[in-house]
Amino acid sequence: MPLLRFLLDNRSVSRAPHADLPDRDCGHARKIYIFPIGSMKKAHGYDMIEFKNVKKIYPNGTEALNGIDLKIEDGEFVFIVGASGAGKSTLTKLLTREETVTDGQLTVNEFNLQKMPGRKVPYYRRQIGVVFQDFRLLHDMTVFENVAFAMQIVGESNRTIKRRVPSILSIVGLQDKAASFPSQLSGGEQQRVALARALANNPSIIIADEPTGNIDPKLSLDIMNLLIKIHRKNKTVIVVTHEKQLVDYFRQRVVTIDNGVVVSDRVGGMFHA
Amino acid sequence: MRRYKLSYFFSQAFKGMWRNGMMTLASVTVLLSCLIVMGCFSMLVVNIDHNLESLGDLNEIVAFADTDQPYEEGAKTVLAQSLSSEGKRFLGWSTDPDAEKAEYAAGASYTVDPAHAVGGIITMYAVWEGGVTGDGYRIRYNATGLNIEGELPEDDSVYQEGASLALADSLSARYSTIEFLGWSLSPDAEEAEFLPGGSYTLSAEDARGGVITFYAVWSEKQTFATYELVYDANRCEVKELPTDSDVRLARIRKELESLDNIAEDGIVFVSKEETLESEKEKLKDYPSLLATLENGENPYPDSFQITYKDNSLVSTLELQLSEIEGIYKTRCRADIAENIESLKSGVILIFSWFMVILFVVSIFVIINTVKLAVVGRSKEIAIMRYVGATKWFIALPFELEGAIIGLFSGVAAFFVQWYMYGYVQKMIMNDIQMISILSFSDIRIMMLIGCLVIGVITGVIGSVISIRKYLKA
């Protein structure tokens, strides 16, 4: 199967010391440098996301998830689809540790999300990059600053920031818009800034929550292509969406959720809600 | 190595303050007034303490002696020590100037006997070995216990036996209408033997101790309930003739020295003259009061300033002092100190409540100010949290904001207090000289550090409470 081969390829690449070199063809980096591999935390060879009978009941009694069993291997590209209220966004919130698991077990890389103390949450979040439907950019900061902000927060030095932000912007194709403000950009471009920000701290997992929801359909494809491109850089990419056309177009693994349980999980599958 | 830049946090903090300027101003004002109240209070306490110190050594008790008071009948006292005169040996004291043997030894105790008194005065004559022989006779006049207008007549001449002389003229009583009848050789006479200005032929039989005393005879006989004791060297040259008051003070001093709980060199005698002088010094700005002191009799008693060792045994000491004959009153500085201490604790109590309320208010205002800043940046904070900012990274700018508000308030409070203190000090210095006020330079450093530390702590507490509430949600 091509996908399996893909995965195996990626895995072997991930063990190589130069795994995270930016792509030559799209990178305009003046220097070649190595991303800090330490932040990947590849302690067990490869990581995964594992849901074991995960349940989530909100304090008001709403049962959002009724026992999700799901395994996402390192370097996979997964669409999570489902109707509104199926439990997609709850699943995302559990992954970003906005909400905690009520019952069951959720492990991401080496982090056990239900047992994780609050002080470790920031360090966990540095390993996942999140992209939202509404971009969530700071409008009084330029594109460059928005990306740099994420690095500032984890205490990167100014030198590293100056060196890395342009290379990340070039990955998303915004190297020329570094000095622009978000309000001067189109929706697609804003989402790319958000993606660049998600990539800033070199996370191993990218979670995109309805990334194309607020974007012109013509540009949605660009964003999806960009996510595929990031996936090829050996990142696990989880895209939560309900856009049938896109899912069908890319023929990746599709996990369908309905009423808080996984109803189908097919590699190279189609959207069927 | 990852480094967080302090400038980032400060710029964020200042931005936050700038964004909600009015609220920042309000919290600075509230905290400022809180600090000013606190400052006034601590300055008051410090000055009370200072005045306590300036009261002098608190381990001091003052015992007032009434040694110039006359004796009552039957009172017990001690006689003076030996006199010394060239070529003569002192035997003791006697009430009879012609006695050859001493009735009382030097320093012996003596019970006041009205029979020894003449006109309310008991005279103790020194008894010398071999007796005293005079070169003639002297004449003395005695008012027989009545205050008279003018001086008693004096006669310095030495007369031989058989001499004829004229007696002094009549006396007139000072405060009463008692009439002068004449002179008599006996103090108990009810009728005058000699008329004023009458003549007298000297007879050795009339003399006692070489002195012939003429007693004034008054139309009304004087009676005495109290008696004074005086010493007479009995026609001998002595260096210093003791007074009864000195003798009694010496006795009190001796008794004081025998007490426990008295510090070394802890007994200082302050004579009534010294007290008068020091009181005059204190009253020099009040001429009318001073005039009464200068013209009248000295109203102050002799006193002993006693420094004691153990503060807890003061009451025992006071009791012991009160039992000493001749001490009629004690004044303990501890009482004054206690009063001031209780004033101080009252001040502390009242202001503590004030401060608690003001601090709660200022913390609430700061909570709200910081909350405004937090809400204003909530979007940014949400993004920070998604990207993996640690809590302290998010909270630090807000805590800094609180700290800066506190710092501003502290500095402002310091300068306001400086100005206020100078003003109040000038006012008090001019009007009430009894209170001494510390100069601001003495408490400057304490005030500055206190204002800054309390201001900053309050600011930080307020912002921590505010941001904690927000970060939890």
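Five bridges join strand 15 of chain B to strand 16 (residues 302-308) of chain B, and the two run antiparallel. Here strands (E, at least two residues) and helices (H or I, at least four residues) are DSSP runs, numbered from the N terminus, and two strands pair if DSSP finds at least two bridges between them. Across this pair, B:I262 stands opposite B:Y308 in strand 16 of chain B.

A word on the source: this is a predicted model, in which local features need pLDDT of at least 70, side-chain atom pairs count only at pLDDT 80 or more, and totals for chains, interfaces and linings use all residues. Residues are numbered from 1 along each chain as its sequence is written, while chains are lettered from A and ligands numbered from 1 in the order in which they are written.

Let's step back to the whole sheet. In chain B, four strands form an open sheet in the order 15-16-1-17, with antiparallel pairing. Strand 15 (262-270) and strand 17 (327-332) of chain B are at the edges with a single partner strand each, so one side of each has no neighbour in the sheet.

Contact is counted when C-beta atoms, placed from the backbone, lie within 7 Å; angles run from 0 to 180 degrees between N-to-C directions of axes, which are lines fitted to C-alpha atoms, for helices over the stretch in contact.

| Helix of chain B | Strands of chain B touched | Angle |
|---|---|---|
| Helix 6 (residues 314-323) | strand 1, strand 16, strand 17 | about 160 degrees to strand 17 |

Finally, 13 residues of chain B are in contact with 16 residues of chain A. Helix 8 (residues 378-387) of chain B gives the largest share of chain B's side, five residues.

Technical notes:
Contact = placed C-beta atoms within 7 Å.
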